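Follow the chain below from its overall layout to a few local features.

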Amino acid sequence: MDMFSDTFCCLPLAHALNRKIIVLHGGLFSRDGVTLSDIKSIQRFCQPPKRGLMRDLLWSDPQDSPGRSESTRGEGIIFFGEDVTVIFERQQSRSHELKDKGYEINHNSKLITVFSAPNYCDRRHPYRMWIQWPIAD
């Protein structure tokens with residue numbers, strides 16, 4: 001298990017594609033004004049803290065209602081609404097939340113959740129999803 005955890009700590013939390021799309025492991029933040037520089041400055045090679053940007057990136061989830069609210073999944077985890085997505089002003093792709101069809105589109109198509117783990121929390125998942133964007137320079 002240590003090797004898995006160590007490997008996970010080496011994976012990126014976010015990636016910008018052609019300066020048009022940002023792909024996040026989880027979701028958006030518990031505060032407005034987060035920049036790509038803020039994300040880049042996160043110390044990645046450690047266990048996730050109980051609060052802060054890394055925790056938000058790993059565990060926050062979309063909600064249908066506006067604003068932010070505390071998640072039922074644990075302390076320091078938030079839900080965020082379409083207004084938070086609009087404030088962030090980029091199309092989002094997420095990958096940490098299990099979806100029955102392997103994906104889900106939220107927030108007026110500004111946020112896409114993709115899930116492709118074949119075995120998650122001892123639950124078999126038949127879908128292997130990815131997104132392909134045709135992006136012109």
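A pocket is here an open set of grid points with protein on both sides within 12 Å along at least five of seven lines. Its volume is the space filled by probe spheres set on those points. The model under discussion is predicted. In this model the second largest pocket holds about 310 Å³ of space.

Fifteen residues, or 15 in figures, line the second largest pocket, and Leu 13, Ala 14, Leu 36, Ile 39 and Lys 40 lie nearest its centre. Two elements give two or more residues to this lining, namely strand 1 (14-17) and helix 2 (36-40). Helix 2 supplies the largest share, with four residues. Sorted by class, the lining of the second largest pocket consists of eleven nonpolar, two polar and two charged residues.

Four helices and ten strands make up its secondary structure elements. Read from the N terminus, they follow the order α-β-β-α-α-β-β-β-α-β-β-β-β-β. Of the 137 residues in the chain, 36% count as buried. Among contacts between residues at least 6 apart in sequence, 48% join residues at least 24 apart.

Part of the strand content forms an open sheet of three strands, in the order 3-5-4 and with mixed pairing. Its edges are strand 3 (61-62) and strand 4 (68-70), each of which pairs on one side only. Strand 4 runs antiparallel to strand 5 (residues 78-80), and three bridges join the two. Across this pairing, Ser 69 stands opposite Phe 79 in strand 5.

Ile 105 has Ile 112 in strand 8 as its bridge partner. The hairpin of strand 7 and strand 8 has four residues between the strands, and in this hairpin His 107 takes a positive phi near 50 degrees. Which way do the side chains of strand 8 (residues 111-114) point? Leu 111 and Thr 113 point one way, Ile 112 and Val 114 point the other way, and all are buried.

Lys 50 lies in the loop between helix 2 and helix 3 (53-59). Lys 50 counts as exposed because its relative accessibility is 65%, and the cut-off for that class is over 50%. Apart from neighbours within four places in sequence, Lys 50 is in contact with Arg 55, Glu 75 and Gly 76. Lys 50 and Ile 77 are 27 residues apart in sequence, while their C-alpha atoms are 8.7 Å apart in space.

The cysteines come last. A disulfide is a covalent bond between the sulfur atoms of two cysteines. How many disulfides does the structure hold? The structure holds zero disulfides. Cys 10 is exposed, since its relative accessible area is 51%. Cys 46 has a relative accessibility of 28% and so counts as partly exposed. The class of partly exposed residues lies between the limits of under 20% for buried and over 50% for exposed.

Key:
Residues are numbered from 1 along each chain as its sequence is written. This is a predicted model: local features need pLDDT of at least 70, side-chain atom pairs count only at pLDDT 80 or more; totals for chains, interfaces and linings use all residues. Side-chain values use heavy atoms; hydrogens and water are left out. On a 1 Å grid over the protein atoms alone, a cavity is a set of points where a 1.4 Å probe fits but cannot get out, and a pocket is an open set with protein on both sides within 12 Å along at least five of seven lines; lining residues have an atom within 4 Å of a point. Ala, Val, Leu, Ile, Met, Phe, Trp, Tyr, Cys and Pro count as nonpolar, Asp, Glu, Lys and Arg as charged, and the others, Gly among them, as polar. A disulfide is a pair of cysteine sulfur atoms within 2.5 Å. Buried means under 20% relative accessible area, exposed over 50%, partly exposed in between (1.4 Å probe, protein chains only). Two strands pair if DSSP finds at least two bridges between them. Contact means heavy atoms within 4.5 Å.
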